[in-house]
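Subject: Handing over a structure

Dear colleague,

I am passing on to you the structure that we discussed, with the notes that go with it. Please look through it once before you read what was found.

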Amino acid sequence: MTVRVNTERLKTAAVTTSLAAWLVATAVAQMPEQRFDNLLKRGKLRIPTPNWRFFGPNPGVKDNHLLYRDVTDGKPGEWQEIPITRDRAWYALAWNARNRSPKALFDAVQDVYVRSAAYGTAMEPVVQSSGYQLLSGYIRHHLPHAEGASHSQFLVMYSYLAAPEARQIEPIFVSREFPLEDEGVVQPEPYPVAA
């Protein structure tokens with residue numbers, strides 16, 4: 001007596017079972033507890049799973065603040081806050097094209113923070129960074145300035161709740177005063193245009 005096996009059904013069942021097992025392994029690997037991570041990586045099967053968490057492994061607990069002020073006749077003005085994030089529309093869950101510029105500002109602030117923490121009191125590595133250049137260029141060209149202002153300056157701060165009803169403010173970095181006019185500002189050479 002011979003048993004006929006439908007190979008197509010067997011292949012479909014094997015692929016479906018494998019994908020279902022991988023989906024379950026991926027979901028288990030994303031749990032906040034990391035006790036299953038070694039089991040999946042070092043077990044007999046060594047199932048390759050992505051290493052990301054649904055709500056982030058280290059959620060942000062501090063708010064970023066970016067402030068700037070103008071310098072007129074050598075006297076600094078009042079600090080004004082630049083809104084980094086904006087309220088989102090209802091459709092932003094699927095399409096959020098307006099998130100690009102706030103995300104660029106947020107990333108630039110993070111770059112300045114990381115470099116200032118890494119280099120301590122040394123200003124030059126921070127001033128040469130792309131984040132610093134982006135922030136100073138944004139302030140120079142896209143924000144309103146006081147009449148007669150010749151220079152501007154920015155400040156990066158964090159704020160966080162130390163206790164209910166008590167918000168702590170932590171200044172992170174104060175920039176050099178930079179000119180508002182493009183004179184003396186090194187402009188990058190334009191890229192050669194291909195024919």
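Arg69 lies in strand β1 and, not counting residues up to four places away in sequence, touches Pro76, Gly77, Glu78, Trp79, His151, Ser152 and Gln153, a contact being heavy atoms within 4.5 Å. The C-alpha atoms of Arg69 and Ala149 are separated by 9.6 Å, although these residues are 80 apart along the chain.

Please keep in mind that this is a predicted model, in which local features need pLDDT of at least 70 and side-chain atom pairs count only at pLDDT 80 or more, while totals for chains, interfaces and linings use all residues. Residues are numbered from 1 along each chain as its sequence is written, and side-chain values use heavy atoms, with hydrogens and water left out.

As for the whole protein, there are 5 helices and 6 strands, running α-α-β-β-β-α-α-α-β-β-β from the N terminus on; helices (H or I, at least four residues) and strands (E, at least two) are DSSP runs, numbered from the N terminus. Of its 195 residues, 26% count as buried, and among the contacts with a separation of 6 or more, 54% are between residues 24 or more positions apart.

The largest nonpolar core has 18 residues, of which Leu66, Tyr132, Leu135 and Phe154 touch the most other members; such a core is a set of buried Ala, Val, Leu, Ile, Met, Phe, Trp, Tyr and Cys residues joined through side-chain atoms within 4.5 Å. Two or more residues each come from β1 (63-72), α3 (100-119), α4 (124-127), α5 and β4 (151-163), with α3 giving the most, 4 residues. Leaving aside neighbours within four places in sequence, Phe154 is in contact with residues including Leu66, Trp79, Tyr132, Leu135, Ile139 and Phe178.

Helix α5 (residues 130-142) has 13 residues and reaches 17 Å from its first C-alpha to its last, close to the 18 Å expected at 1.5 Å a residue, the expected span being 1.5 Å times one less than the number of residues. In α5, the buried residues are Gly131, Tyr132, Leu135, Ser136, Gly137, Ile139 and Arg140.

With best wishes

Definitions and conventions: Buried < 20%, exposed > 50% of the residue type's maximum accessible area, 1.4 Å probe, protein only.
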